[in-house]
Structures are given as structure tokens and as C-alpha cells.
Amino acid sequence: MIAFLTGPWFMLVLGGVFEMAWALGFKYVDRQAPLWQHAAVLAALAASMVLLFAAMKHLPAGTAYAVWTGIGVLGAAVLGVIVLGESASPLRLSAIALIVTGVAMLKLAEG
């Protein structure tokens, strides 16, 4: 368990969370937003990229990138439904389930 909390998979998951944060941050930041909001989105973007870069040193590039983007897409889609009131149609929920399945399969394939 400790190895996961300090290893490349942890960095990748954390990078995916930051990716979700900056992607959702775009929804709220516009030209009139305070400077700190712009800085927060840029900081989340930078953290996401740095963590992806660090994880890719130890994981296959295709797997790392797919998992990283999958976490960001999944998080943005789920939070979009829960927080932003976006559509929760069966087709959309099925697509989210496919993303989760794909990310899980990539992790299992990696071992």
C-alpha cells in the first residue's frame, strides 16, 4: 500500500485529479474573473503536467496518458452531472462506464 502512495500510479492518479480540476476551472474562469482564479487554473494545469511527466518515467506512455486523460474525462463528466446539472442520460452514463472500464483494463494489463 505504501508503494502505491509514493509510486508512479499515485502520481498518475493525482495528476488526473489536477487535470479534472483545471478542465472544470475553465468553466468558471473568464476575462472578468479575479487573477487568483486564473492562477489556480494554471497551477492545476502545471501540477497535472508535472505529475504526468513524473509517472511516465516509470509507466508506458500510452497507458499513462490514457489513464491520466480517462481520470480527467471521468471526473469532469461526473462532476458535470452532479454539480453543474448536465445531462445524466443513459447514453451519457454508458459512455462514462466505458471510460471507467477502459481505465481499469489498462491498469490490469499493466500489472
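Student: Which residues of α4 are buried?

Tutor: They are T63, A64, V67, W68, G70, I71, G72, G75, A76, A77 and G80. Buried means under 20% relative accessible area, exposed over 50%, and partly exposed in between (1.4 Å probe, protein chains only). This is a predicted model: local features need pLDDT of at least 70, side-chain atom pairs count only at pLDDT 80 or more, and totals for chains, interfaces and linings use all residues. Residues are numbered from 1 along each chain as its sequence is written, and side-chain values use heavy atoms, without hydrogens and water.

Student: Why is S48 called buried?

Tutor: Its relative accessible area is 0%, so S48 is buried. S48 sits in helix α3, residues 35-56. Leaving out residues up to four places away in sequence, S48 touches G15, F18, E19, W22 and W68. Contact means heavy atoms within 4.5 Å.

Student: What makes up the largest nonpolar core?

Tutor: A nonpolar core is a set of buried Ala, Val, Leu, Ile, Met, Phe, Trp, Tyr and Cys residues joined through side-chain atoms within 4.5 Å. The largest one has 12 residues, including W9, L52, W68 and V103. The largest share, 4 residues, comes from α4. Apart from this core lies another, of 5 residues, among them W22, V29, A33 and V41.

Student: Why is the pair of W22 and F26 called edge-to-face?

Tutor: Rings of Phe, Tyr and Trp (its six-membered ring) pair if their centres lie within 6.5 Å; planes under 30 degrees apart count as stacked, over 60 as edge-to-face and the rest as tilted. By this rule there are 2 aromatic pairs. The centres of W22 and F26 are 5.3 Å apart and the planes stand at 70 degrees, so this pair is edge-to-face.

Student: Why is the pair of Y65 and W68 called tilted?

Tutor: Their ring centres are 5.7 Å apart and their planes are at 35 degrees, so the pair is tilted. Both lie in α4, 3 residues apart.

Student: Are Y65 and W68 buried or partly exposed?

Tutor: Y65 has 47%, so Y65 is partly exposed. W68 has 3%, so W68 is buried.

Definitions and conventions
Helices (H or I, at least four residues) and strands (E, at least two) are DSSP runs, numbered from the N terminus.
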